Amino acid sequence: MGEGLGQTMGQTGGLTPQRPSKLAEAVVAFLIPPASREEIVGDLHERYRSSTQYAIDAARTIPLAIVSRIRRTADPQVVLMQAFALYLSFLGAAWLRDRSFLFTDWALLRLAIPAAVAMLGLILEDAWTQAGPSNPLLLVRGPAFAVCLALLSQASLRLGDPRFALPNWLALFGGAIALLFCSVVRMLFPPAGGQLHQANAPAHWLRRSVAPIDVHGRYSQVIRAAFVLIVLVVGYLVWTKY
Amino acid sequence: MADRKPDSLGQFEQLVLTAILSLRENAYGVTIHAKVQELAAPRDVSLGAVYVTLDRLEDKGYIASWKSDPTPERGGRAKRCYRVEALGERALQESAITAKRMWDAVEQAWGKQWAKGWGKRWGKQAG
């Protein structure tokens with residue numbers, strides 16, 4: 001059942017293989033998170049009957065595949081912690097550099113926009129992370145991508161509706177603090193997608209296997225360094241302000 | 001794991017579990033979707049909804065998955081095959097028992113004659 005759905009009988013009676021174009025498959029493969037890419041692209045290939053049917057099938061499958069992957073990789077508690085760290089970063093940057101900004105129109109909402117975009121970036125980065133050995137530098141990649149996305153959103157807001165964009169200094173300063181805060185949160189609570197797993201291991205084992213980082217193990221120096229860096233940055237900011 | 005009491009299943013979860021159970025060794029995305037479509041007829045079922053449910057059932061420990069060897073009709077890609085675990089079988093059994101109790105109650109309320117006629121109509125619809 002279902003075997004060879006991608007093949008149809010030709011006019012001569014022989015089997016004429018039908019397959020989607022390489023470009024269409026490449027686009028679909030790019031949009032599907034790597035963890036489930038192979039089987040979903042394979043299933044869509046097997047179900048191929050025409051370009052239109054393939055496009056409709058892909059359009060109905062990809063969003064749900066992404067949502068399902070996000071549900072598996074996003075831990076609500078960690079997401080909440082990261083959202084708090086992101087918002088606090090931009091709020092802290094405004095507080096430290098120019099408190100009068102906080103009393104302008106829509107200030108708190110304007111601060112929430114880059115934080116929300118960065119949060120979305122973090123969630124998507126987690127969903128697209130390939131399973132592999134945990135590496136502290138890889139954990140910084142997510143926050144770096146998220147901050148870049150937040151800065152890009154600010155640039156596009158400035159072109160579209162500048163009333164909701166943050167001043168350049170605040171976006172950059174807040175982004176730098178967000179990078180540090182989020183990196184520390186992710187080092188303490190590594191994302192589930194970054195763990196090693198076997199193809200035949202039930203996913204609920206994978207979720208249970210994500211334990212908080214061992215502070216006495218090989219990450220301890222990285223964590224200490226990150227904390228020292230944060231203390232130094234905050235100390236410098238406070239020193240230059242007062 | 002064996003002592004864990006399974007959560008109650010949603011209707012779509014029941015359909016997906018039943019499809020995997022009936023397909024045995026040949027249960028993977030395409031075949032599961034085709035079987036669920038058959039079971040849920042005339043309702044239209046998307047392939048994406050099947051993937052979401054498969055992931056959820058796997059997270060709950062009701063099913064297990066593994067990757068098969070790549071095949072040419074899939075463009076050289078592997079299938080993800082599924083099988084029902086003991087916990088999933090128990091959950092499905094409980095759902096079937098509940099459905100049976102519901103059927104008995106409906107039969108009692110509307111009469112055996114109605115149930116017979118309805119059974120015939122349903123049989124024709126299902127082919």
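Trainee: How many helices and strands does chain B have?
Mentor: This is a predicted model, where local features need pLDDT of at least 70, side-chain atom pairs count only at pLDDT 80 or more, and totals for chains, interfaces and linings use all residues. Residues are numbered from 1 along each chain as its sequence is written, while chains are lettered from A and ligands numbered from 1 in the order in which they are written. Helices (H or I, at least four residues) and strands (E, at least two) are DSSP runs, numbered from the N terminus. From that end the elements of chain B go α-α-α-β-β-α-α, giving 5 helices and 2 strands.

Trainee: At what angle do the axes of H2 and H3 of chain B cross?
Mentor: Axes are lines fitted to C-alpha atoms, for helices over the stretch in contact, with angles from 0 to 180 degrees between N-to-C directions. Helix H2 (residues 29-40) and helix H3 (residues 47-60) of chain B have axes that come within 10 Å and cross at roughly 105°. Since 65 to 115 degrees counts as roughly perpendicular (under 35 is roughly parallel, over 145 roughly antiparallel, the rest oblique), H2(B) is therefore roughly perpendicular to H3(B). The crossing angle, then: roughly 105°.

Trainee: And which residues of H3(B) make that contact?
Mentor: Two residues are in contact if their C-beta atoms, placed from the backbone, lie within 7 Å. H2(B) brings Gly29(B), Ile32(B), His33(B) and Val36(B). From H3(B) come Leu47(B), Val50(B) and Tyr51(B).

Trainee: Is Leu39(B) buried, exposed or partly exposed?
Mentor: Leu39(B) sits in helix H2 of chain B and touches Leu15(B), Thr18(B) and Ala19(B), leaving aside residues up to four places away in sequence. Buried takes 20 or more other C-beta atoms within 10 Å of a residue's own, exposed 12 or fewer, and partly exposed is in between, with C-beta atoms placed from the backbone. Leu39(B) has 16 within 10 Å, so Leu39(B) is partly exposed.

Trainee: How far is Leu39(B) from Val16(B) in space?
Mentor: In sequence, Leu39(B) and Val16(B) are 23 residues apart. C-alpha to C-alpha, the distance is 9.2 Å.

Trainee: What share of chain B counts as buried?
Mentor: The C-alpha atoms of chain B fill a box of roughly 55 × 40 × 20 Å along the principal axes. Of its 127 residues, the buried share is 32%.
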